[in-house]
Amino acid sequence: TTDIAAPTVVTYSPADNATGVGVNTNLVLTFSEPVYAQSGNITVRHSSDHTDFEVIPVTDGTRVSGTGTDVIIVNPTGTLASETDYYVLIDATAFDDVSGNSYAGIGGSTTWNFTTADIVAPTVTLYSPADDATDVPVGTDLVLTFSETVVCVSGDIRIVESVGGLVLETVPATDGTRVGGCGTNVITINPDTTLA
């Protein structure tokens with residue numbers, strides 16, 4: 001009998017609703033049968049405002065490969081942004097099977113969407129006491145306000161005399177009695193040592 005069944009996507013990579021997706025990842029569709037690129041576009045959009053990140057013609061052999069097989073690989077030219085939600089649209093004219101049955105495509109924002117990984121390192125936005133501060137109380141806590149939530153992992157915080165380099169105190173970052181705020185964006189260091 002004649003092939004009248006349209007090809008369907010068996011798996012998406014990254015998976016729908018995936019998180020922590022690499023910013024340089026390829027988009028891979030595994031179909032139920034071999035498909036051939038025809039016409040139209042694959043569009044990657046920002047979920048937040050529905051603007052286009054990249055529009056890729058399916059006939060662009062530098063960015064779309066695998067025509068004639070059941071695995072289509074899409075390699076965007078651009079680099080995805082860190083911690084950003086995206087979704088993918090595919091025109092209904094994009095792929096046909098060998099009998100001319102067309103893949104239905106993706107027309108909505110919920111069929112294939114994902115969130116990229118956090119690749120931006122946290123930074124300190126505020127030191128207390130401030131850098132180069134004077135007349136700081138000798139029993140003051142040291143407070144770092146970060147650009148995002150941080151967790152205490154390993155290593156030390158060292159309080160060092162500027163002249164002579166004497167280490168007054170070494171505080172392990174995981175010392176819960178002297179380091180507070182792990183899991184927030186404000187870390188407070190309460191030294192045992194009273195400053196001179």
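## The loop with Asp 135

Asp 135 lies in the loop between strand 11 and strand 12. Strands here are DSSP runs of E with at least two residues, numbered from the N terminus. Asp 135 is not a glycine, yet its phi is positive, about 60°. Asp 135 counts as exposed because its relative accessibility is 79%; exposed means over 50% relative accessible area, buried under 20%, and partly exposed in between, with a 1.4 Å probe and protein chains only.

This is a predicted model, in which local features need pLDDT of at least 70 and side-chain atom pairs count only at pLDDT 80 or more, while totals for chains, interfaces and linings use all residues. Residues are numbered from 1 along each chain as its sequence is written, and side-chain values use heavy atoms, with hydrogens and water left out.

The loop between strand 11 and strand 12 also holds Pro 129. The peptide bond that leads from Ser 128 into Pro 129 is cis, with omega near 0°.

## Other backbone features

A cis peptide bond also joins Ser 13 to Pro 14, again with omega near 0°. Pro 14 sits in the loop between strand 1 (9–13) and strand 2 (18–21).

Glu 83 is not a glycine, but its phi is positive at about 50°. Its place is the loop that links strand 7 (69–74) to strand 8 (85–90).

An open sheet is built from 4 strands in the order 11-12-16-15, with antiparallel pairing. Two strands pair if DSSP finds at least two bridges between them. Strand 11 and strand 15 (179–180) stand at the edges; each has a single partner strand, so one side of each has no neighbour in the sheet. In a regular strand, side chains alternate between the two faces of the sheet.

Strand 15 and strand 16 run antiparallel and are joined by 2 bridges. Across this pair, Val 179 stands opposite Ile 189.

## Ile 189

Ile 189 belongs to strand 16. It is buried, with a relative accessible area of 2%. The C-alpha atoms of Ile 189 and Val 179 are 4.7 Å apart, although 10 residues along the chain separate the two.

What does Ile 189 touch, leaving aside its neighbours within four places in sequence? Its contacts (heavy atoms within 4.5 Å) are Asp 141, Leu 142, Leu 144, Ile 157, Val 171 and Arg 178.

## Pairing around strand 7

Strand 7 pairs with strand 3 (27–37) in the antiparallel sense, over 5 bridges.

## The largest pocket

The largest pocket holds about 750 Å³ of space. Its lining has 26 residues, and the closest to the centre are Pro 129, Leu 142, Val 160, Ser 162 and Leu 195. A pocket is found on a 1 Å grid over the protein atoms alone: an open set of points where a 1.4 Å probe fits, with protein on both sides within 12 Å along at least five of seven lines, and lining residues have an atom within 4 Å of a point. Grid points are joined across faces, edges and corners, and the volume is the space filled by probe spheres set on them.

Which strands supply at least two lining residues each? They are strand 11 (124–128), strand 12 (142–150) and strand 13 (156–160). Strand 13 gives the largest share, 4 residues. By class, the lining has 18 nonpolar, 3 polar and 5 charged residues. Nonpolar covers Ala, Val, Leu, Ile, Met, Phe, Trp, Tyr, Cys and Pro; charged covers Asp, Glu, Lys and Arg; the others, Gly among them, are polar.

## The second largest pocket

The second largest pocket has a volume of about 190 Å³. It is lined by 14 residues, of which Phe 146, Cys 152, Ile 157, Ala 173 and Ile 187 are the closest to its centre. Strand 12, strand 13 and strand 16 (184–189) each give two or more residues to this lining.

Strand 12 gives the most, with 3 residues. The lining of the second largest pocket divides into 11 nonpolar, 2 polar and 1 charged residues.
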